[in-house]
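These are my notebook entries on a structure that I had not examined before. I set down what I looked up, entry by entry.

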Amino acid sequence: MDDWSPKLETYLDGELSASEMRTLDAHLRTCPSCAADVLSLIQTKRAIQSAGKRYSPTPEFRERMRKSIASKPRRSPIRMWIGVTAAVALLLVVGFVTSSVRQQQIERQQTFSELADLHVATLASANPVDVISTDRHTVKPWFQGKLPFTFNLPELQDSEFTLVGGRVTYLGQAPGAELIYQIRKHQISVFIFQDRAAGRGLESSSQSQKELSFNIESWAHDGLRYFVIGDASGSDIHALADLLKKAS
Amino acid sequence: MPLFDQLYNFAHWLAQDRTEAEDLVQEAYVKALKGFSSFQPGTNFRAWMYRILRNTFLTSRTGLKPTATVAIDSDDSPELPAGLETPETILIDNSQHQLLQAAIDALPVHFREVLLLCEVEEMSYQEIAETLSIPIGTVMSRLSRARRTLRASLQQKLVRT
């Protein structure tokens with residue numbers, strides 16, 4: 001059994017780690033000797049606390065201080081302190097909000113530029129896709145056992161898009177699907193990842209953006225994060241995104 | 001004036017003299033107002049104020065007295081003998097209040113301050129570390145030694161009375 005006695009004071013100061021706190025809580029219920037120690041330590045703590053509140057400033061000193069501080073700045077000391085405190089609080093809040101917004105932007109930029117790289121690398125490859133098929137009923141099952149999630153692909157008969165094929169890809173150490181679609185001569189990549197792995201800095205609602213003059217659209221649905229990226233026009237990207245949203 | 005009463009109490013414990021405590025508090029507030037630009041937003045305001053007060057004390061006449069500063073580096077000195085624990089329930093008795101205050105007063109200043117910041121000001125170890133400009137590990141060892149020293153001296157006092 002662990003010897004808790006050296007830790008009892010730290011425990012009462014509330015400074016043990018959460019897991020140690022829980023373990024010790026449980027231990028105290030079964031160990032009368034430790035429980036008795038804790039009780040006497042609490043009593044000492046209380047005694048020191050009340051004995052420690054021993055001195056208070058005299059009214060004269062309080063008044064003297066008030067005047068001496070008031071005579072320096074033009075504003076009254078209390079208003080000055082309120083002003084200072086408010087300014088500090090405001091700085092903290094603004095700092096926090098802007099830094100978290102900024103952080104989000106940076107993360108979004110990083111994700112988008114990584115995807116642009118993946119898209120370019122795929123198109124530059126001699127074998128851009130590992131499953132070559134225009135049939136979504138061939139492409140989708142090919143991912144079985146290769147990815148920890150599944151997804152639906154749209155029916156394309158009435159659209160200008162054709163499915164070229166798909167491959168497994170990775171973003172931020174997480175596996176995902178990359179599907180290549182074609183419209184006229186443009187090739188478009190559709191990336192599907194788990195949202196918790198790839199959604200850094202992204203909101204769940206639809207977002208579109210230009211990255212290195214690629215058009216990108218991204219959204220989250222049912223825990224999956226979709227990206228559509230390509231050199232096709234923004235409206236083509238959007239049309240393909242719409243088809244995917246309807247299918248999923 | 002934020003923290004006025006608490007700072008005064010702490011100053012009086014450090015200086016052990018009313019006039020000197022008043023001087024300390026006054027000087028600390030003047031320094032704080034002048035040096036407000038040195039306060040970094042996002043850091044602990046209370047720790048900052050106590051640090052100013054304590055630094056003021058350390059450079060004051062009382063603070064520079066050898067009796068006050070001796071043993072500041074004694075965190076590594078040999079452990080106190082164990083087995084001095086007394087039934088601490090004895091302390092609940094209000095008549096022991098003064099005995100306890102005398103025992104705290106008798107502590108070396110680096111024990112007294114860490115104990116008061118923890119028990120009276122209820123600062124976290126992190127805040128104490130910031131106030132005293134020492135690592136958290138030192139806060140913990142110093143606090144534990146302060147408590148043991150206090151217990152030992154209380155026991156002696158109880159035996160004598």
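**Entry 1: Salt bridges**

I looked first at a salt bridge (a side-chain nitrogen of Lys or Arg within 4 Å of a carboxyl oxygen of Asp or Glu) and found the side chains of A:E20 and A:K7 joined in one, at 2.6 Å from N to O. A:E20 lies in helix α2 (residues 18–30) of chain A and A:K7 in the segment before α1 (8–12) of chain A, so the pair ties together parts that are 13 residues apart in sequence. Helices here are DSSP runs of H or I with at least four residues, numbered from the N terminus. Over all chains, the structure holds 19 salt bridges.

**Entry 2: Basis of the values**

I note that this is a predicted model, in which local features need pLDDT of at least 70 and side-chain atom pairs count only at pLDDT 80 or more, while totals for chains, interfaces and linings use all residues. Residues are numbered from 1 along each chain as its sequence is written, chains are lettered from A and ligands numbered from 1 in the order in which they are written, and side-chain values use heavy atoms, with hydrogens and water left out.

**Entry 3: Chain A against chain B**

I asked how many residues of chain A are in contact with chain B. The count is 36 residues of chain A with 43 residues of chain B, where contact means heavy atoms within 4.5 Å. The buried area (accessible area, 1.4 Å probe, that two parts lose on being put together, summed over both) is about 3,700 Å², and carbon and sulfur atoms give 66% of it. In chain A, the residues that lose the most area to chain B are A:I48, A:Y55 and A:W81, together 20% of what that side buries. Seven salt bridges are counted between the two chains. B:D5 and A:R62 meet through their side chains in a salt bridge of 2.9 Å, N to O.

**Entry 4: Helices α1 and α3 of chain B**

I then turned to helix α1 (residues 4–15) and helix α3 (residues 45–58) of chain B, which pack at about 25° with their axes 11 Å apart. Axes are lines fitted to C-alpha atoms, for helices over the stretch in contact, and angles run from 0 to 180 degrees between N-to-C directions. The angle makes α1(B) roughly parallel to α3(B); angles under 35 degrees count as roughly parallel, over 145 as roughly antiparallel, 65 to 115 as roughly perpendicular and the rest as oblique. Residues of α1(B) including B:L7, B:F10 and B:L14 meet B:M49, B:Y50, B:L53 and B:F57 in α3(B). By class, this contact has nine nonpolar, one polar and no charged residues. Ala, Val, Leu, Ile, Met, Phe, Trp, Tyr, Cys and Pro count as nonpolar, Asp, Glu, Lys and Arg as charged, and the others, Gly among them, as polar.

**Entry 5: Helix α2 of chain B**

I found that the axes of helix α2 (residues 18–34) of chain B and α3(B) come within 9 Å and cross at roughly 125°. That makes α2(B) oblique to α3(B). Their contact divides into 10 nonpolar, one polar and two charged residues.

How do α1(B) and α2(B) pack? Their angle is about 130°, with the axes 8 Å apart. That makes α1(B) oblique to α2(B).

Key. Helices (H or I, at least four residues) and strands (E, at least two) are DSSP runs, numbered from the N terminus.
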